[in-house]
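Hi,

Here is the structure I promised to pass on.

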Amino acid sequence: MASVSFNKVEKAFGSTKVIHGLSFDIRDGEFMVLVGPSGCGKSTLLRMLAGLEEITAGTIAIDGRTVNDVDSKDRDIAMVFQSYALYPHMSVRDNMGFSLRLRRADKREIETRVARAAQILNLEPYLDRYPRELSGGQRQRVAMGRAIVRDPKVFLFDEPLSNLDAKLRVQMRSEIKALHQRLRTTTVYVTHDQIEAMTMADRIVVMHDGVIEQIGTPLELYDRPENLFVAQFIGSPAMNVVRGTLRRANGNAHVITPDGIRWPLGASSAADGQPVTYGVRPDHLELVAGSENGVPGEIVVVEPTGSETELVVKVGDAQLTAEARGRASVKPGDRVMFAIDPANVHLFDQASGARLPS
C-alpha cells in the first residue's frame, strides 16, 4: 500500500489547459473517488498518475517517491479500464497471469497468485474459459483479477462499470468495495456517476473544468456542499434551487422569489436585500395537509417507485422535485403544501455560487 500526492499538477494539450494546478493527498489504504461531468479532467488526472500522460507542470508522488519521469511499468500500479482490455485469444487464467509472465515470475508463483485472485473474485469455475464465453460482469472481474495478481501499491479504476447494465453495476459496486475492504490497497476510482461515488468512496474529489470544487466524505459533500455546483452534482435526484432575495423582518429571515413565493430560512449571515440562491433537497420537501405556513405547489407528475413516490411539482414559476416516503395519495393537478425545516436549507451567494455561512 502507499499514499499518493498531487502537488500543483497541470496538464495542457497544446494551448488548451485542462488541469489547473491541482494539489491534494490520498492516504495510505484509502478509497478515493474522482467524480465530475464528462470533460472535467478526472480521467486525464488518473492517466497522469498511471504514467500514460505526461505532466505539464507540478509533481505526482507515490509512497513519497516522485514519479514524473518514472515509466508506467515501474510505478507499481495496476489499472482497470472501462473496456476490460482482455486478450481474446487467452484463457481467463492466462489473462490474469500475463503481467507476471512478462516479469518472468516463477511459474509456481504465477499459479499461486492467479488461484488466490480467482478465489477472491469467485472466478475459479471460469479459469479455462475465454473472454467471449463470459458475461460483462465476469469480464470485469477478470480485469480486476489481473490487477490483483500484480499486488500493486495502488489500484486505478477508470470508469470500470460504464459498460454494464444497471443491475450489474449495483452488484459490481458492492464487489469492488468489498474487495477494497479485504485488501486495503490504496485505490483511485474515476466515475461520472455520483451514485457510484457516494456509495463506494472513503473520500470524494469533485472536479469541474479542471479544478477541484470540494474534497470530503460522501456525507460531508451531501450535507454541506461548499458551492452551488457541488450542491447540484451530489445527490439524486438533484437539489432543488431557486433564485431570490433575502429579507429580514421582526428578527426572522426568509427568501422571496420574483414570483412572490416566500421560502423559510433559519439563521443566516446574509444581509437584508442580498441576492441569494436557495437550495433544498427533494427528500426535505415534506408533503403536509392543511398547513397555512407551508410552500404551496401544484402536482405535475407522480412517479411511484414502491418504497417512495417522486413528485414533479410546480411552485410559483419553478418546477421542483419532491420525494415522499411510501405511496403518496396525490395526482397531477392537485394543489398541495410543503413544509421545509429551515435546518435543511442551503443558501448560496447568487453571484459567486459560494455557500453562505449560517
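This is a predicted model: local features need pLDDT of at least 70, side-chain atom pairs count only at pLDDT 80 or more; totals for chains, interfaces and linings use all residues.

Below is what turned up, going from strands to cores to pockets.

Residues are numbered from 1 along each chain as its sequence is written, and side-chain values use heavy atoms, with hydrogens and water left out.

Let's start with strand 16, residues 295–304. Helices (H or I, at least four residues) and strands (E, at least two) are DSSP runs numbered from the N terminus, and two strands pair if DSSP finds at least two bridges between them. Strand 16 runs antiparallel to strand 19 (residues 335–339), joined by four bridges, with Gly297 opposite Val336. Strand 16 also pairs with strand 17 (residues 308–315), again antiparallel, over six bridges; there, Pro304 has Thr309 as its bridge partner. Three residues sit between the strands of this hairpin, and Gly306 has a positive phi near 110°.

Now the inside. A nonpolar core here is a set of buried Ala, Val, Leu, Ile, Met, Phe, Trp, Tyr and Cys residues joined through side-chain atoms within 4.5 Å; buried means under 20% relative accessible area, exposed over 50%, and partly exposed in between (1.4 Å probe, protein chains only). The largest core has 45 residues, and Met96, Met144, Ile176, Tyr189 and Ile204 touch the most other members. A second, separate core of 29 residues includes Met32, Leu34, Ile55 and Met207.

By contrast, Pro125 is exposed, at 60% relative accessible area, in the loop between helix 3 (107–120) and helix 4 (136–148).

Finally, pockets. On a 1 Å grid over the protein atoms alone, a pocket is an open set of points where a 1.4 Å probe fits, with protein on both sides within 12 Å along at least five of seven lines; lining residues have an atom within 4 Å of a point. The largest pocket is lined by 18 residues, with Met79, Phe81, Ser99, Arg146 and Arg150 nearest its centre. Strand 6 (77–80), helix 2 (92–102) and helix 4 each give two or more residues to that lining.

In the second largest pocket, 19 residues form the lining, and Pro342, Ala343, Val345, Arg355 and Ser358 are the closest to the centre. Helix 7 (218–223) and strand 20 (346–349) each supply at least two lining residues.

Cheers
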